[in-house]
Amino acid sequence: MKFKKLNISPTQSLQNAGFDWLLGDNTLPYVTNEMVVVTKKEAENYYETANELYEMFIEAAQYVIDNDKFAELGIPEELVELVKFSWENDKNWHLYGRFDLSGGLDGKPIKLIEFNADTATCIPETATVQWASLKANGLDESSQFNTLYESLVSQFRELKNQNNEFEPTLLISTMEGYPEDDTNMQLLGEAAEEAGFEVSFEHIENVEFSVEQGIYKQNIEDGSFTRYDFWFKLVPWEYIGWDEPELADILTQIVQSKKAVVMNPTYTLLFQSKGILKVLWELYPNHSLLLETDNKPIVNKSCVQKVLFGREGANVKILSESGISLENTEGEYHEQNVIYQEFTEFLQDETGKYYQAGVFFAGEGAGLGFRCGGKIIDNKAQFCGHIIA
């Protein structure tokens, strides 16, 4: 791997660009002061990979629906009806997601690790931080595979056009106490506003849901209520299905009766579940972008044990060919079912740090960034931008 050292740090880059709202303690300390050097061909390969994988995920999701494999993927029963409805209704627009990939540089083949299709983060780092670093350091701002912000604007415009019977009023929600999520959604809101939406924010704990009225929030100052025709929630669908079955039922009725459009659509649960990695392998055996995946340890191969809906590298184990745990992370998802994915080593620098590529998909491949850390990329990983040279 090759790197470009930045003379001006990412923190200073953002200040220079006027992005002060990105300077929170939970966003910048983990951004590295160097960029991964990527060739134009390598960047093109990442782009083409995202596009090809998305088409494969569509086929796999259709297979799950046609063959009623929801339980195999761990989809909460309370959401199956809405998964099917949103899948059949093309107006339920998938705004964005992020593919996590190994390889792609130094001649190492790209392999799919997983698809964060429902509540992917790293939006500001990918769309803004690495671009601002190029600008501040006097480097060519176009020398990146990075159209994420523009692609999000385009996606919101298409969403508005597909749903022109709705007013373009958008409420964006996160769970209270997660400032990183708020920062991600602030940029998403800016993209929506540029696309012509009237945007507001409210933590999900304070959002009101009604089968008859739809989705709305109360104005604290005068007690009035504002209804929204579009709702984006950076809250995992599986959390709603497991922990809030009544809300799952209300949202199903709201979407089906066209009281509101909810994003990302519920069918992204199919993409999000690690169970779909096994389906992909069954549909595309030995595909060059895939790693063998099964619901039991893979014979004579080192593999990675993952829970179906784990996040940030939690509850992951790397197993030897004989099934001995070589490395593992703790987490709160240990009660979930697991899959076993053939082990592949991430890119590695001279200091021993490992790098996982993240490629956003927003209508098409839209942006590249790297997260670096140990053999298991978890919530302690750093973010490293890239430059095409």
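**Briefing: charge pairs and overall fold**

Asp118 counts as buried, at 0% relative accessibility. This comes from a predicted model. The side chain of Asp118 meets that of Lys233 in a salt bridge, 3.3 Å from N to O. This pair links distant parts of the chain, with Lys233 in strand S10 (residues 230-233) and Asp118 in the loop between strand S4 (111-116) and helix H4 (123-136), 115 residues apart. Lys233 is buried too, with a relative accessible area of 0%.

**Overall fold**
- The protein chain has 10 helices and 20 strands.
- Its radius of gyration is 21 Å, close to the 21 Å that the globule rule gives for 389 residues, so the chain is as compact as a globular protein of that length.
- The C-alpha trace spans about 60 × 50 × 35 Å along its principal axes.
- Of the 389 residues, 56% count as buried.

**Salt bridges around Lys278**
- The count of salt bridges comes to 14.
- One of them joins Glu72 to Lys278, with the closest N and O atoms 3.7 Å apart.
- Glu72 sits in the loop between helix H2 (40-66) and H3, while Lys278 is in helix H10 (residues 275-283), 206 residues apart.
- Lys278 is buried at 11% relative accessible area, whereas Glu72 is partly exposed at 34%.
- Lys278 also forms a salt bridge with Glu282, the closest N and O atoms being 2.5 Å apart.
- Both residues of the Lys278 and Glu282 pair lie in helix H10, 4 residues apart, about one turn of the helix.
- Glu282 is partly exposed, with a relative accessible area of 39%.
- Shared partners join Lys69, Glu72, Lys278 and Glu282 into one salt-bridge network.

**Surface charge**
- Glu81, Asp243, Glu244, Glu246 and Asp249 gather in a surface patch of negative charge.
- Glu81 belongs to helix H3 (residues 77-88) and is partly exposed, with a relative accessible area of 48%.

How values were computed
Residues are numbered from 1 along each chain as its sequence is written. This is a predicted model: local features need pLDDT of at least 70, side-chain atom pairs count only at pLDDT 80 or more; totals for chains, interfaces and linings use all residues. Side-chain values use heavy atoms; hydrogens and water are left out. Patches are made of residues with over 30% relative accessible area and no salt bridge: like charges are joined within 9 Å, nonpolar side chains (Val, Leu, Ile, Met, Phe, Trp, Tyr) within 5 Å. Accessible areas come from the Shrake-Rupley method with a 1.4 Å probe; for residues, only the protein chains shown count as cover. A salt bridge is a side-chain nitrogen of Lys or Arg within 4 Å of a carboxyl oxygen of Asp or Glu. Lys and Arg count as positive and Asp and Glu as negative; His and the chain ends are not counted. The place of a charge is taken as NZ of Lys, CZ of Arg, CG of Asp or CD of Glu. Helices (H or I, at least four residues) and strands (E, at least two) are DSSP runs, numbered from the N terminus. Buried means under 20% relative accessible area, exposed over 50%, partly exposed in between (1.4 Å probe, protein chains only). The radius of gyration is taken over C-alpha atoms; the globule rule is 2.2 Å times the number of residues to the power 0.38.
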